[in-house]
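Welcome! Let's take a short tour of one protein model, looking at a helix and at the open spaces in the fold.

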Amino acid sequence: RPGCEGSEMDTDHLIRTLTSDHPTRERPAGMTLAVALAVAAPISLAMFLAMLGVRPDVRSAMRDPFFDIKFVVTLSLVAVSLVVALRLARPGARLNEAAWLLMVPVALLTLGILGDLMMPHQSTWTARLVGKNMMTCVVAIPLLALPLLAAALYGLRQGAAMRPAAAGASAGLLSGGLAATIYAAHCTDDSPLFVATWYSLAIGAVAGLGALAGQRILRV
């Protein structure tokens with residue numbers, strides 16, 4: 001149709017322009033993201049200490065492999081989400097280029113669940129799944145993630161995300177993973193079944209919020 005070729009050429013020209021500008025934009029986006037998260041992290045940590053605090057039996061809990069698995073899973077999610085977020089901050093980046101990395105924390109959590117189910121326990125698997133702190137978990141993690149999410153969105157705004165909702169969701173996964181890592185030091189429910197259910201629900205809520213905010217904030 002008349003005018004379509006001009007429109008497509010304009011779009012291609014925009015992508016080429018953003019891509020050529022990538023070397024100068026990628027570093028500020030990554031650096032700004034790191035600085036923003038470094039500023040926001042103490043705020044979330046202060047909120048954690050004021051509202052919850054570290055569990056009293058943390059020293060003995062550290063000898064429980066299921067306690068450690070919580071941090072392995074959440075920190076792997078942080079690392080993977082950071083890679084995905086920075087990829088999506090590039091102009092013309094494809095979602096499938098890095099999205100498969102999100103299977104890493106899923107695989108680690110699956111291994112933890114299998115180990116939990118094979119171990120002898122005094123409680124049933126349903127009791128371990130429900131736990132004792134599910135409401136605290138689904139409320140605390142999103143609250144602790146809010147300063148981190150704002151920082152992540154601010155950092156990614158320095159990039160050129162062509163998929164703003166996806167980039168915002170990755171920012172939500174990043175901030176939710178960081179918040180879950182902080183919260184895990186308080187949580188006395190160490191079963192991977194609990195983590196898979198309630199941590200995932202809380203982090204998913206932050207990712208959804210990030211997608212909604214990213215659609216507006218990260219739009220090029």
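A pocket, as the word is used here, is an open set of grid points where a 1.4 Å probe fits, with protein on both sides within 12 Å along at least five of seven lines. Keep in mind that this is a predicted model. With that in hand, here is what to look for.

**Helix H4**
- Helix H4 runs over residues 65-88, which makes 24 residues.
- From its first C-alpha to its last, H4 reaches 34 Å, close to the 34 Å expected at 1.5 Å a residue.
- Asp64 caps the N-terminal end of H4, with a side-chain oxygen 3.0 Å from the backbone nitrogen of Phe66.

**The largest pocket**
- The volume of the largest pocket is about 400 Å³.
- It is lined by 13 residues, and Ser123, Arg128, Thr188, Asp190 and Ser191 are the closest to its centre.
- Sorted by class, the lining of the largest pocket holds 6 charged, 5 polar and 2 nonpolar residues.

**The second largest pocket**
- The second largest pocket contains about 230 Å³ of space.
- Its lining is made of 13 residues, and those nearest the centre are Val73, Leu77, Pro105, Ser200 and Ile203.
- Here you meet H4 again: H4, helix H5 (103-118) and helix H9 (192-217) each supply at least two residues of this lining.
- Which helix gives the most to the lining of the second largest pocket? That is H9, with 5 residues.
- The lining of the second largest pocket has 10 nonpolar and 3 polar residues, and no charged ones.

How values were computed. Residues numbered from 1 in each chain as written. Predicted model: local features only at pLDDT ≥ 70, side-chain atom pairs only at ≥ 80, totals over all residues. Heavy atoms only, no water. Helix = DSSP H or I, 4+ residues; strand = E, 2+ residues; numbered from the N terminus. Expected span 1.5 Å × (residues − 1). Polar contact = N/O pair within 3.5 Å; in protein donor to acceptor, adjacent residues only side chain to side chain. 1 Å grid on protein atoms, 1.4 Å probe; cavity = no way out; pocket = protein on both sides within 12 Å on 5 of 7 lines; lining within 4 Å. Points joined across faces, edges and corners; volume = space filled by probe spheres on them. Nonpolar A, V, L, I, M, F, W, Y, C, P; charged D, E, K, R; others polar.
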